[in-house]
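Please walk through this chain with the model open beside the text. The tour starts at the sheet and then moves out to the helices and loops.

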Amino acid sequence: MTATVSFPVDTPLGPRTATVTYERKGSGEPLLLLHGIGHHLQAWEPVTNILAAEHDVIAVDLPGFGTSEPLPEGVPYDLPTVAAALGSLCSVLGADRPHVVGNSLGGLLALEMGRDSLARSVTALSPAGFWTEAERRYAFATLRAMRVGAMALPLSTLERLSHSAAGRTALTGTIYARPARRSPEAVVAETLALRQATGFEETLAAGRSVRFTDDVPDVPVTIAWGSRDRLLLPRQGVRAKHVVRDARLVRLRGCGHVPMNDDPALVARVVLDTVRTTGRPTR
């Protein structure tokens, strides 16, 4: 079951209040799950129960996505502001400095939280921010095309398409290597989430100038990339390894941009292997 929580956000205009939706299950050290742009916390459902067997798992709808409210008026969707807001959220939930796992935009936020000492370990799955300008433009154009398509489809057509493997491939083949494995209900829900994402345009606008160029010292970091990622190409993982020098770089064989559904067991193992290195010297 999901719940909502409000928490303070520091802004140049003074403190503001944000409200987000989250789901929490399991027990143990806290582990925060952050989805990508246009997605929602349900993206993590294939791995949540596996992780919750060992951890207090908190999956969040980022501000302006899923069923979370947008950031307060005038608060930017830039990387420092959203990462700091997530740190504030964790404090309110009694989960200070969790292990952070993120995909795409969420992976970039996870790395930023690690850099800002807001995470005790980081697992970044195809994180944004390691692109060339041409690659960024391609990714943003693809995302916008996906959103235009989601907004144009009548609900009846969306539901009809979701009930065939070919339809699920047409709707989600950009982000999944094995889109036919998605359930019809999940495909409808995530397409509607993309359609209704109030923070989509502002997040894209804030991302135009984003490059992640700093190391993340003193925190165990794994950067994992799907070998069949069609949105952020796998070669970006090599760049990420050059920036975050002590990170472990893992190839997710046969996985797309959102790998949790393509191979849940592999993704869960990568996350848990990272978490278990906490307290050991980084390589």
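This is a predicted model: local features need pLDDT of at least 70, side-chain atom pairs count only at pLDDT 80 or more; totals for chains, interfaces and linings use all residues.

Residues are numbered from 1 along each chain as its sequence is written, and side-chain values use heavy atoms, with hydrogens and water left out.

Start with the sheet. Eight strands form an open sheet with mixed pairing, in the order S1-S2-S4-S3-S5-S6-S7-S8. Helices (H or I, at least four residues) and strands (E, at least two) are DSSP runs, numbered from the N terminus. Two strands pair if DSSP finds at least two bridges between them. Strands of a sheet pair through backbone hydrogen bonds, either parallel or antiparallel. Strand S1 (2-9) and strand S8 (248-252) are the edges, and each pairs on one side only. From one strand to the next, the twist averages 25°.

Now look at one pair inside the sheet. Strand S5 (residues 99-103) runs parallel to strand S6 (residues 121-125), and five bridges link them. His 99 stands opposite Ser 121 in S6. Further along, Gly 102 faces Ala 124 of S6.

How many residues of S6 are buried? Five of its five are buried, where buried means under 20% relative accessible area, exposed over 50%, and partly exposed in between (1.4 Å probe, protein chains only). Both faces of S6 are covered. Ser 121, Thr 123 and Leu 125 lie on one side, and Val 122 and Ala 124 on the other.

Helix H3 (residues 105-115) lies across strand S3 (30-34), S5, S6 and strand S7 (221-226). H3 runs at about 150° to S5. Axes are lines fitted to C-alpha atoms, for helices over the stretch in contact, and angles run from 0 to 180 degrees between N-to-C directions.

Helix H5 (residues 155-162) packs on H6 at an angle of about 120°, with their axes 6 Å apart. That makes H5 oblique to H6. Angles under 35 degrees count as roughly parallel, over 145 as roughly antiparallel, 65 to 115 as roughly perpendicular and the rest as oblique. Leu 158, Leu 161 and Ser 162 of H5 touch Gly 167, Arg 168 and Leu 171 of H6, contact meaning heavy atoms within 4.5 Å.

Helix H6 (residues 165-172) also packs against helix H7 (residues 184-196), at about 25° and with axes 11 Å apart. H6 and H7 are therefore roughly parallel. Arg 168, Leu 171 and Thr 172 in H6 meet Pro 184, Val 187 and Glu 190 in H7.

Finish in the loops. Most residues other than glycine have a negative phi, and most peptide bonds are trans. Ser 117 has a positive phi of about 60° although it is not a glycine. Ser 117 sits in the loop between H3 and S6. Is Ser 117 buried or exposed? Ser 117 is exposed, with a relative accessible area of 51%.

Asp 218 also has a positive phi, about 65°, and is not a glycine. Its loop joins helix H8 (200-207) and S7. Asp 218 is exposed, at a relative accessible area of 71%.
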